[in-house]
Amino acid sequence: MVSDLFPTPENTSEPQPDSNARRSFMKQAGGILGLALAPPLVAQAERLTAYSRTIEGATDLTLRINGQTRTVRAEPRVTLLDALRERLDLTGTKKGCDHGQCGACTVLIDGQRVNSCLTLAVMVQGKEITTIEGLAQGDELHPMQAAFLKHDGFQCGYCTPGQIMSGVACVSEGHAKTDDQCREWMSGNLCRCGAYANILAAVREVASKG
Amino acid sequence: MDIEPTFSKTNPTAGVVGQPMSRVDGWAKVTGRATYSAEYSGLPGLVHAVLKTSDVAHGRVQSIDVSAAQRAPGVLAIFTHQNLPKLAKTPNSPDDRKAFVSSPMGFFPMESDQIFYAGQPVAVVVADTLERAQYAASLLKVSIVPEATISSYLDPKAQLYTPKTVKGMPGVTKRGDAQEAFAGAPVQLTATYTHATIHHNPMEPGATTAHWEGPNRLTVYDSTQGVSETQKTLAAMLGLATEQVRVVCKFIGGGFGCKAWVWPHTTLAALVAKAVGRPVKLVLTRPQQFTSMGHREEQAQTLRLGATREGKLLALIHDKSSTTSPWDDYAETNTRITNMLYALPAFEGTYHLAHANVMTSTATRAPGDMPGAFALESSMDDLAYQLGLDPIQIRLLNYADKDPSNGHPWSSKSLKQCYQRGAELFGWNQRNPKNGQTRAGKTLVGWGMATASYPVHNSQGNARVRLYADGHAVVQAGATDLGTGTYTVMTQVAADSLGLPPENIRFELGDTDLPSTQWSGGSTAAGRVSSSVYLAAQDVWQRLIKVAVQDNKSPLYRAKIEDVMVVKGQLLFRTDPDTGEAFGEVMKRAGMSDIEGSALGRYGSSYEAPRAAANADPNKKDHASEHSMHAFGAHFCEVHVDPELGTVRVTKWVSVIAGGRILNPKTARSQVMGGSIFGIGAALMETTERDPHLARYTNADLAGYHIPVNADIPDMTVEFIDEHDPYVNAMGVKGIGEISIVGTSAAVANAVFHATGRRLRSLPMTPDKVLAAMREPV
């Protein structure tokens, strides 16, 4: 196994591969058993706490999205993805599978990439949510957006917001240091048009500018 | 008629056409501002519809208990076959079906209690939120009395038959006596190739938002490759006049053929929207996508190839067996490419179909040509190895200087250059002529190549140009940009045609309120729409020249119209190009703030036909003769095969395509890489498994159905051959979207053969098949 693709046990304090990194996750689960035995992360503990609460019917949720505080009335079963798309008019985040299999819905929660289709909106209150709409500063594109444009890192554009959010996180995680590593850590985001080589060029360019 | 102007004549020097411009819709796509069909959230009172589909593949609905669902909060209505509003026409009636431009199958669900395929819609639930609609749909209790199912053409109960026609082609094609030629051939190869069911799986599932703005006024935001086709078909089914239906599709999240037709969910969304009196959004779930918008059918092809000992082809007999639905004789037309790709004196092609409990399969990127090329290009590789020839050599030996299927000359063909350039880029001359002899560590390394070709399909459509006196322009055509770059390349074409910088052009598409044009499918859009746009700009110039020559203040006053030409926005005398003036001057003096022109652009033989007629010289026969029009190309592939695990990785890729004028090498390169990746997926991993007893898909989601991910794809090299084709259209453009996939799976299979010495003839070449082959003696 190529060492720079996968963290060694001593740097497990790094963000863990997201569940959207399908292949990485499977390889890791098979290859590094130690991970499975590691104590639950803080986020997991919080999730377990959330499960124990009882919320019924629609309630007002307060979400911090792209630096703004937004209130939305929704049932607890509403996913973050559907809250964004159907209730907050933030349709940049896409639904490709609704099951965490494609990565089109990737957003950042407290800086970490997350599949918003597998995340309930009610559970991310109090966290900083960044969507594709929150990356650019006015008309000035985020470097990752500019790199996707320059390298033609998309065709139909439907997976693109997820790819870009994933790319931003991939760089900040330090998982875009080599081409092979970057390919692996961008493999949770499917692109049916086949823009992979261009996506790789875009993410690597941003990573190389540090 | 006059001979239409051509771009190469009016624009001999390079402008922005042919330049690697970044996408003009790119900003919208990278910022999340691009609006797809499920994202028109501002419609008043928008509600959500969810499909309930059948788990059973064949039977009759006995009952649907809606009581619990009806009581669920937020539910507005539940529709089943018992209360669905009636359609004016349905495809279930063959007579009605003729009224449809774009209906993919001879069946519309929920018209009766009959169930013909798993995943067939049995109910539609409408509720105020998506979650409530989904929950209510889960409460429906559907009882179906099952009947015996036929899962595919391989089912023992299936009955194979040869249809009269498939997609307008005869069920049996004979050219010469292929049987006799094969029987007498000194070299005979017989092999059967199989291809799994595969699904298009665009990242955006099928999605429709239907809004009745009045009793006879419907606007549909639909994820479709053709707004005009959807408009006409919906109007016929709903009993409306065409203009009473407006279809909008500004952005589409991929199509690849499955969004080229009007499938039932789109019509259902419009029907239930009318019934509930609210705008309705209906989005397919990913599993529903597998049973709602067609697929590429599973199939077996047997090729019998006869050749001389020197490797010259003598005969090809091509039999294809595949599954079709209970109602249609649908098959991809695989014999199209096998009949034309090489100089082949005798050909026989036969389709064998079997009805099964599955929806009708449909066009999937390069329908027919893609699997057809897999079989033919694998066989050609076999022939090369058997005779000790280089795979390129065997192809050059059988190079077709004219189209063998009809004897017509090619409008243009640069395939030899593709082979040569591809070989250079790949380093093909370093190839080890022996199989199974190259290793990198413990992995086996192999190289393979294959030919690509895709026909130029006849099509036509309109465009409109409005040029403003201040040097800006709005250019419109009701086309679709599937991610293929239509927005961008049409902006480039309009800019050069008008002599303006591209940033002064706004190109609009995806709306039936715009000038109508045909769908984006069959690699027709780039050539057709670019020609329409170019000719519409020429129409603007013709109108403006008429204004100038009547203006006594113009230097062109009283000139003959045919003596004036337009170069980069300047109206000039042909004989004295220093005399003339800019278009803005003419318009200002005439008090015109803008001027409009429009044109019909033609692509393929419909373009050549009027030109030939206009040129007709009874003494020169070839003027009126038809040309055979195809794009050509070659793919080269390196694989690494792990002999212990059976895994195949593509490690190097080169594609060289001759597709006429390349409007934008940046977007074209992306499109060709994408097609190759689609082909690598089909070669190595893509298969939708249908249970042989229940005729139900077992892996209908993106965890079970693998498409290539970033880590599966190596660096790829794409080049284009500079090619000038005067016959295809006014722009000289051939499409490249589909040729990019043709031959790709054969290139991979040929590389696997070179690496391992084992010929894999069953796609996808998954590790289990590779390992089984490795256990066989070479």
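Student: How far apart do the C-alpha centres of domain 1 and domain 2 of chain A lie?
Tutor: They lie 21 Å apart. The domain bounds come from an automatic or database domain assignment. This is a predicted model, where local features need pLDDT of at least 70, side-chain atom pairs count only at pLDDT 80 or more, and totals for chains, interfaces and linings use all residues. Residues are numbered from 1 along each chain as its sequence is written, and chains are lettered from A and ligands numbered from 1 in the order in which they are written.
Student: OK, which residues belong to which domain in chain A?
Tutor: Domain 1 covers 59–134 and domain 2 covers 138–210.
Student: And how many residues does each domain bring to the contact?
Tutor: Domain 1 of chain A brings 15 residues and domain 2 of chain A brings 13. Two residues are in contact if their C-beta atoms, placed from the backbone, lie within 7 Å.
Student: Which elements give two or more residues to the domain 1 side?
Tutor: Those are β3 (106–109) and β4 (112–115) of chain A. The largest share, three residues, comes from β3(A).
Student: New topic: how many helices and strands does chain A have?
Tutor: Eight helices and five strands. Helices (H or I, at least four residues) and strands (E, at least two) are DSSP runs, numbered from the N terminus.
Student: What's the pattern along chain A?
Tutor: Along the sequence, chain A reads α-α-α-β-β-α-β-β-β-α-α-α-α.
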